Amino acid sequence: MQNTDYRPITLTPLSPIHIGCDEDYVPTNFVIQDNLLHYLDMTMLADLLEDDERRKLGESQTIGAIQYFFKSRRDRFAPLAHHIVGIASDIAQEYETKAGRPVQSLTNSNHTYNLFPISRTSYRSLDLSPYLPGSSLKGSIRTAWLNTINQGRPLSDAKENNQALQQRLLGYSAGQFENDPLRHLHVADAHHEEDPAPTHILYAVSKKKRPSEHGTPELKVFLETIPGLLSDAFSGEIRICPDNKDGASNLTWQHLCDVCNAFYWPQLEAELDHTHLAKMLDPAWRQVIQDLLREELAELRAKQQGFLLRVGKHSGAESVTLDVVRDIKILGKKGAPPSYRKETTKETTEKRFASERKDAANNLLPFGWLWVESCQDAYQYLSIAMRDRLRPHTLVLREAQQNRLEQIEQARKQRDAARQAAEQKRLQAEQTARLEAAAAQAKAAELAKLSENMRQIVQLRDAIDKRLVIGQKIPVSDHFFGGHIMALVQQALASQDWSSEERNALAAMLEERASKLINLDAKDFRKKLKLAALRGQA
């Protein structure tokens, strides 16, 4: 009986890879500065906003106003980024000119704004780093496996759908998934071992495979991608379990290598040599891949040490469907249902490429190419040679990523410091509030013990003290002098309810406090405020 074959694998993206996760970067959770997208953690940012910023954000009623709020504060928000992604300079320029500005004004004074969505590639929620889902890797393996079994034969029935085709080729019936032989193949998610792999945001552009006078439709989205020529970006595991029925199976690592390379290798070579599209490819990238296919990867393939895969969005119909039996979905005019074309050849009419420029005609890169390797010690020299060939490209990507990680770490320290300062401010405010409340309570208790006349003296004293803080004297024509100070003096002299002690207390308080507030010399002050009368002096 066979034992389970555990294969640790390393995965090297050869060209940009985007595996969608149904999430977007939008201008309400990022800012762009210096060709870098700075992703903001909104929960953390909420704690760092000033009161005035919270008010302005709350008053923003349109998506454009919200976009402008973040864009106009990028100098402040960029250093607080939770995650940083490189971005094509043309896309950064589009953000500069479009984000927060209406792209269409309607007759009812409403405006339409560019939502500027950027499709994210699959990422780990723990640290926002990209990864390659095992389901995506296995799906690509499954396509190659089915194509090998089918051997270019047409559908057995024109109405045979995808599920029925797979059941026929793999020899199991509907509802009996346990009989699917690929159930014994387990592909784990692939993650980075040390530093996270970088990502880069690019355009996806469409090109005709043959020269045409008609333009090709422009894609309206931007894609976050894992860059190509990044050696050993991810590590994972393939586990091949034995078939418990008879212990025999052609599902082996060696056969897996042969099947995947037989399907994907010719497709990559065809792209590199295409009569029309090859000249549009990035020449440096094309040369590196041609050299790898001719030398290191060719030898690793011959020794069954690894295989090519194509994964993710815009891999092309040739890479995700079986030869001869593929259907090509053709989008019709807006509002019209799509049509389908049976393909008996191996080509579609268009190809999608990654580009730094929106209207690029050169320096393009195909999507999705990936090298998967589980190399024995005897052939490690080939794996090392491949890494050496990719090292100049990998180092550039890694150094840029290291700079971003350092920025993120600095941002984390800044956020922590800001949170600590905010917490300290909150604690101080609470302490001040407690002290003020205690003082107010003590003062209320003190006033409660006093007579009504003494309470009026204390209240006038407090009112004078508030004005003394301003540091500016007031004339006798000021309302506060006549309406408060003199009013209490007149009341104390006229009322029989005031005792001599209370009048003396009022005179003492006025001479101590009011003399500093009223713009009078000492003699006029005593005379104007009738201090002698308050003290019972002639």
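Me: About how many helical turns separate Arg412 and Glu409 in helix α12?
Reply: In this predicted model, the side chains of Arg412 and Glu409 form a salt bridge whose closest N and O atoms are 2.5 Å apart. Arg412 is partly exposed at a relative accessible area of 32%, and Glu409 is likewise partly exposed at 32%. Because the two residues are three apart in helix α12, their separation is about one helical turn.

Me: How many residues apart in sequence are the parts that Asp232 and Arg387 tie together?
Reply: Asp232 and Arg387 form a salt bridge, with 2.2 Å between the closest N and O atoms. Asp232 belongs to the loop between β11 (222-225) and β12 (234-240), whereas Arg387 belongs to helix α12 (residues 380-449), so the parts that this pair ties together are, in sequence, 155 residues apart.

Me: Is Lys351, which meets Glu271 in a salt bridge, buried or exposed?
Reply: The salt bridge between Lys351 and Glu271 has an N to O distance of 3.1 Å, and it links strand β16 (residues 350-355), which holds Lys351, with helix α8 (residues 253-272), which holds Glu271, across 80 residues. Glu271 has a relative accessibility of 13% and counts as buried. Since the cut-off for buried is under 20% relative accessible area, Lys351, at 7% relative accessibility, counts as buried.

Me: How many salt bridges does a search of the whole structure find?
Reply: Side chains of opposite charge can pair when their charged atoms come close. In this model there is also a network of salt bridges that links Asp291, Arg294, Glu295, Glu296 and Arg389. Over the whole structure, the number of salt bridges found by the search is 31.

Me: Is helix α2 roughly parallel or antiparallel to helix α3?
Reply: The axes of α2 (residues 51-59) and α3 (residues 63-71) come within 9 Å and cross at roughly 155°. Angles over 145 degrees count as roughly antiparallel, and therefore α2 is, relative to α3, roughly antiparallel. The contact is made by Glu53, Lys56 and Leu57 of α2 with Ile66, Phe69 and Phe70 of α3, which divide into four nonpolar, no polar and two charged residues. The answer is thus roughly antiparallel.

Me: In what kind of crossing, left-handed or right-handed, does α6 pass α7?
Reply: The axes of α6 (residues 134-150) and α7 (residues 162-170) come within 10 Å and cross at roughly 65°. The crossing in which α6 passes α7 is left-handed.

Definitions and conventions:
Residues are numbered from 1 along each chain as its sequence is written. This is a predicted model: local features need pLDDT of at least 70, side-chain atom pairs count only at pLDDT 80 or more; totals for chains, interfaces and linings use all residues. Side-chain values use heavy atoms; hydrogens and water are left out. Axes are lines fitted to C-alpha atoms, for helices over the stretch in contact, and angles run from 0 to 180 degrees between N-to-C directions. Helices (H or I, at least four residues) and strands (E, at least two) are DSSP runs, numbered from the N terminus. Angles under 35 degrees count as roughly parallel, over 145 as roughly antiparallel, 65 to 115 as roughly perpendicular and the rest as oblique. Contact means heavy atoms within 4.5 Å. Ala, Val, Leu, Ile, Met, Phe, Trp, Tyr, Cys and Pro count as nonpolar, Asp, Glu, Lys and Arg as charged, and the others, Gly among them, as polar. A crossing is left-handed if the near helix is turned anticlockwise from the far one by less than a right angle, and right-handed if clockwise. A salt bridge is a side-chain nitrogen of Lys or Arg within 4 Å of a carboxyl oxygen of Asp or Glu. Buried means under 20% relative accessible area, exposed over 50%, partly exposed in between (1.4 Å probe, protein chains only).
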